[in-house]
Amino acid sequence: MVFSLFNNQSLQRPANRVGSRPEPESEAPESQPDLGSLSIDPEPQFGNAGSEPGFSPVMPFAAERAVSSNIFAQPISGGTAPPAYFKRRQDHPVPRTGIASPTPLATNKFYGNLYLGGLRSPAYLHPYAVHWVKGEGVSKSWGLSISHIDASQRVFGPKEPITGASKFFINPIHIESIILSAANLGSTTALTIAEMTAFSAMAELRSNSRALPSVRIPLVQGSAFITGIYQGATPVIGTGVHFRTITRALTAPKPGVVKFKIILENGVTWLLYARNTAGSPLDLQIRNGEMAVSRNAFHGTIQIAKDPGRREAIYDQACGAYATSTELSGTVKDTIGSYTLKFKKQGLTSSPLLMFALPHMVDSFSSATAKGVTSLRLQTTTKGVGTGVLGDSWTMEEKSLPTNMGFLPWLPGKGALAISSKAKAAILPVARSEIAQDMSAQSNLDSMYFSGKALAKFATIVVAVNDMLGDKQLAQTGLKKLKDAYARFAENRQKFPLFYESAWGGVVSSASYVTGNAGMDFGNTYYNDHHFHYGYFVYTAAVIAKLDSAWGAKNRDFVNTLVRDYANPSSRDKFFPVYRNFDWFHGHSWAHGLYDTLDGNDQESSSEDAMSAYAIKMWGSAIGDRNMEARGNLQLATLARSLKYYYLYTNDNKVQPANFIGNKVAGILFENKIDHTTFFGNNIEYIQGIHMIPLLPFSPLCRSTKFVDEEWKAYFSKGRIDSVPGGWRGILIGNLAQIDAKRAFGFFSANSFDATHLDGGASRTWYMAYSAALGGL
């Protein structure tokens, strides 16, 4: 049994994601060593720069006016090439090892470990995990190992001193329960990954890099069977746990299907179904306790599934059919939206398809999809118990889309909130002072993340002044300064300009190309955190375009390119992969880029995930792109549902372990473990606060009042907040506004307010307006 607890290969983060409020005139980033740069590919440039904007009334310019029947069908900007100011590169620091798919390539998906690093880390399909044994481990096999972990196998960390909850829980990895291999696979075996999509990939094991695949294994999220496709190779079924018995069923579950029951020495029962499409049926010969070999070459499929007990009949009903990929579609009408996952079924297509759904999906199933729910259950690593569902497609419904959420503070069931004349009078002098700051200097950083946060901060001030305080002249003054600061990025003149690189297919920072440092700007060059980084820019652009539609028209291509990079909805876009970050199977995003890690993908900030979806919604609204706005609304509603199960825990949470939910937030959620910490420190304000920032209208949608109250009482009540230093105190008290707005407003409006309690992405103006609105002050 192997654990990855002390072998976390995730990217090391900088010291802190939130710093003290920067001084307006002294925003000098640390210098970086010049380690040499690679030349820019001298391809012809492409795209169009547009024309100069002016100041215009609040009205969207001509755009898509109606929501399509499938909001995921059409590519953004028609799928055209990114604008010319993104310099082209054909290389990337991470090689495309063993990849047999054309670009654009997915970079933040569950199967990334099968093409990254040493190709030894698992891919987590939920509920199963697979990894290439690569001649190592107990069995020394060259096949693909399949494992499943029960809740009883988890290991929990020490108790947190404040809450008594376990600091982390983790699942063992590299257990070689059942291995799909072939007799001709040995030391020259090559693993290739083909047919890469947002939900699936095809793993291919070849006897050498030039040979045809000996076995092909479709990897699809939620697969109930792990299926090996053989086309003339001799199957080898292995194990590192040892076979106790292998028994062939006397009665075939279906014509042409042979069934074996495998009981391992750990007492776990696995089922094997073999359907031959040509030649002889599968006839296994047991060589020893670790290997069973087919007596003949085999043409057909071998399917592996774990039986949790008395559920064979369900597997018998579905055997022979398997999914090879998943197609996403969706529709929105008014406040009701739905998304459908349609599985591409192959094999015995007359059989119903059996797949596993996660808890948030089951709870939002349409009535038709719910009819396929079975009694089959298997534990997942970090997403509760998976439910076996029969059906070639699933439809999930969200019936309360936040369509009336705009730029102003908002509450579910109430909509946008106003503030009193007294509150306006208190806020206006603060706003004048903050708009007078040097927006250009504060955002002229060597980090897309911190630059984006700074711009978004000023965007909140401008929109608050314009729409809540009603001072149009002051708003226009701030808007001009904000547009000037944003221009540096829209024209790609920042310290580390963005490249469009065609090796993987995306827009990345040039920072790692120039410095040779893979961790620069939180790994942006390596596709880490793109939805966080670019989401702030998209949100800021939405505010500007709301107030100046001509600016929105001019900068539409730039902003749309950022959206396409992290949230391209359509496979018809040949420059960017579909949904780089957001995972419509899990209901949230993954931040982890092109780094091999034993525990799979991860994400630290659930609130910045929601911000990236909110930004899409508001940009779509500002430019009149109704499909984009609809996708943002649907994504936000889906996130709000999934986060309450997997990230943000009220006391009645039934999905995560009972001895973990006392932490109230996940900390860092990996595919294989959840660790109540951050990448930049263990202070409790870091761990809880990173799931708060930025506080914007979407926050109460994702962070319920019940949750905020429980979290506050657990960690910050009874004077404990007073010991939290720096910008984190401002974040925590801004969050407090949801349950005690009067106290929050008093803190930020006090004449003695200490400006060090604002981080570089927050403003006193917005926190005061936000608190006053939530409290009706």
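A residue is called buried when its relative accessible area is under 20%, exposed when that area is over 50%, and partly exposed in between, using a 1.4 Å probe and protein chains only. With a relative accessible area of 32%, Val373 is therefore partly exposed. The model discussed here is a predicted one, in which local features need pLDDT of at least 70 and side-chain atom pairs count only at pLDDT 80 or more, while totals for chains, interfaces and linings use all residues. Residues are numbered from 1 along each chain as its sequence is written, and side-chain values use heavy atoms, with hydrogens and water left out.

UniProt positions are given in the numbering used here, with shortened feature names, and annotations may be inferred rather than shown by experiment. An unreviewed UniProt entry lists "domain: Glycosyl hydrolase family 81 N-terminal" for residues 92-411. Helices (H or I, at least four residues) and strands (E, at least two) are DSSP runs, numbered from the N terminus. By that assignment, residues 92-411 are 5% helix and 44% strand, and the end C-alpha atoms of the span lie 44 Å apart. The unreviewed entry also carries "domain: Glycosyl hydrolase family 81 C-terminal" for residues 419-768. Residues 419-768 are 54% helix and 6% strand, with 10 Å between the end C-alpha atoms.

The strands can be followed sheet by sheet. Two strands pair if DSSP finds at least two bridges between them. Eight strands, in the order β8-β9-β10-β11-β18-β15-β14-β13, make up an open sheet with antiparallel pairing. Its edges are β8 (190-194) and β13 (243-248), each with a single partner strand, so one side of each has no neighbour in the sheet. On average, neighbouring strands of this sheet are turned by 20° against each other, direction ignored. Within the sheet, strand β9 (residues 200-206) and strand β10 (residues 213-220) run antiparallel and are joined by seven bridges. Arg206 faces Pro213 of β10 across this pairing.

A second open sheet has three strands in the order β19-β20-β24, again with antiparallel pairing. Here β19 and β24 are the edge strands, each with a single partner strand, so one side of each is left without a neighbour in the sheet. From one strand to the next, the twist averages 15°. Helix α12 (residues 626-646) packs on this sheet and touches β19, β20 and β24, its direction making about 90° with that of β24. Twelve bridges link strand β19 (residues 321-333) with strand β20 (residues 336-347) in the antiparallel sense. The two strands form a hairpin with two residues between them, and Asp334 in the turn has a positive phi of about 55°.

Contact means heavy atoms within 4.5 Å. Apart from neighbours within four places in sequence, Val373 is in contact with Phe365, Thr387, Gly388 and Val389.

The helices complete the picture. Two packed helices are described by the angle between their axes and the distance between the axes. Axes are lines fitted to C-alpha atoms, for helices over the stretch in contact, and angles run from 0 to 180 degrees between N-to-C directions. Helix α9 (residues 530-547) holds Thr540, which is buried, with a relative accessible area of 0%. Not counting residues up to four places away in sequence, Thr540 touches Gly452, Leu455, Ala456, Ala459, Leu482 and Tyr486.

The axes of α9 and α10 are 9 Å apart, and the two helices pack at an angle of about 160°. They are therefore roughly antiparallel to each other, a label for angles over 145 degrees. Residues in this contact include Tyr534, Phe537 and Val538 of α9, and Trp551, Val559 and Tyr566 of α10. Helix α10 (residues 549-567) also meets helix α11 (residues 606-623), their axes coming within 11 Å and crossing at roughly 150°. This pair, α10 and α11, is therefore roughly antiparallel as well. Among the residues that meet are Trp551, Arg556 and Val563 in α10, and Ala615, Ile616 and Trp619 in α11.

Methods:
Parallel < 35°, antiparallel > 145°, perpendicular 65-115°, else oblique.
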